[in-house]
Amino acid sequence: MLIENAKVGPQITDLENTLDSTFIKDSTFIGRACGRSMEGVGIYDGDILIIDRSQDVKHYDVIVACYNGLFICKIADMKNNQLVSASPDYEPVKIKATDEYCVEGVVTQSIRMHRGSSRLE
């Protein structure tokens, strides 16, 4: 027996505007997740991340940052001033005064890519 578990078409009323205007604003940009360190929060290798620069970072937000020249996606532990992975396989990284560190934005959505797109490679 199949149970309806997907809604499509005009009966979807949660999105008042187009997908573009719902997810993408002037303050957002798109990135692609790489690696397995964020699987614990549902972000998998190859997922598309929608990152909002206008959001203030709150404790335990998922963020994208530039850390010592590398773009990273981590959980912001504001109380301990460290970056945390969502996997026990990776140790937290304490941010030191000598580190180059800049938050690029808060990850507000992620999109799972079930079929790749040549436009995103």
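Visitor: Which residue in strand 4 is the bridge partner of Ala65?
Guide: This is a predicted model, numbered from 1 along each chain as its sequence is written; local features need pLDDT of at least 70, side-chain atom pairs count only at pLDDT 80 or more, and totals for chains, interfaces and linings use all residues. Side-chain values use heavy atoms, with hydrogens and water left out. Strands are DSSP runs of E (at least two residues), helices runs of H or I (at least four), numbered from the N terminus; 6 bridges join strand 3 to strand 4, and the two run antiparallel. In strand 4, the bridge partner of Ala65 is Ile72.

Visitor: What pattern does the chain follow along the sequence?
Guide: The secondary structure comes to 1 helix and 7 strands. Read along the sequence, the pattern is α-β-β-β-β-β-β-β.

Visitor: What is the order of the strands in the sheet?
Guide: Two strands pair if DSSP finds at least two bridges between them. The edge strands, strand 1 (28–32) and strand 6 (93–94), each pair on one side only. The sheet is open, its pairing is antiparallel, and the order of its 7 strands is 1-2-7-3-4-5-6.

Visitor: Which residue of strand 7 is the bridge partner of Val64?
Guide: Strand 3 runs antiparallel to strand 7 (residues 101–111), with 5 bridges between them. The partner of Val64 there is Gly105.

Visitor: How many of the 6 residues of strand 3 are buried?
Guide: Buried means under 20% relative accessible area, exposed over 50%, and partly exposed in between (1.4 Å probe, protein chains only). Over the 121 residues of the chain, 31% count as buried. Strand 3 is largely enclosed by the rest of the structure, because its buried residues number 5 of the 6.

Visitor: How far apart in space are Cys66 and Tyr101?
Guide: Cys66 lies in strand 3 and counts as partly exposed, at 22% relative accessibility. Beyond four places in sequence, Cys66 touches Phe71, Glu100, Tyr101, Cys102 and Glu104, where contact means heavy atoms within 4.5 Å. Cys66 and Tyr101 are 35 residues apart in sequence, yet C-alpha to C-alpha they are apart by 5.7 Å.

Visitor: What share of the contacts with a separation of 6 or more falls to residues 24 or more positions apart?
Guide: One residue illustrates such pairs: Ile51 touches Ser27 and Val107, among others. Across the chain, residues 24 or more positions apart account for a share of 54%.

Visitor: How many residues make up the largest nonpolar core?
Guide: A nonpolar core is a set of buried Ala, Val, Leu, Ile, Met, Phe, Trp, Tyr and Cys residues joined through side-chain atoms within 4.5 Å. Strand 2, strand 3 and strand 4 each give two or more residues to the largest one. Apart from it lies another core of 8 residues, including Ala65, Tyr67, Ile95 and Val106. The largest core includes Leu49, Ile51, Val62 and Val64, and its total is 12 residues.

Visitor: What is the volume of the largest pocket?
Guide: On a 1 Å grid over the protein atoms alone, a pocket is an open set of points where a 1.4 Å probe fits, with protein on both sides within 12 Å along at least five of seven lines; lining residues have an atom within 4 Å of a point. Points are joined across faces, edges and corners, and a volume is the space filled by probe spheres set on them. The largest pocket comes to about 320 Å³.

Visitor: Which element gives the most to the lining of that largest pocket?
Guide: Of the 17 lining residues, the closest to the centre are Arg32, Cys34, Phe71, Ile72 and Cys73. Strand 1, strand 2 (48–52) and strand 4 (70–77) each give two or more. With 4 residues, the element that gives the most is strand 4.

Visitor: Is Ser87 buried or exposed?
Guide: Ser87 sits in the loop between strand 5 and strand 6. Beyond four places in sequence, Ser87 is in contact with Arg36 and Ser37. Its relative accessibility is 14%, so Ser87 counts as buried.

Visitor: What is the phi of Asn68?
Guide: Most residues other than glycine have a negative phi. Asn68, in the turn of the hairpin formed by strand 3 and strand 4, is partly exposed, with a relative accessible area of 38%. Asn68 is not a glycine, but its phi is positive, about 50°.
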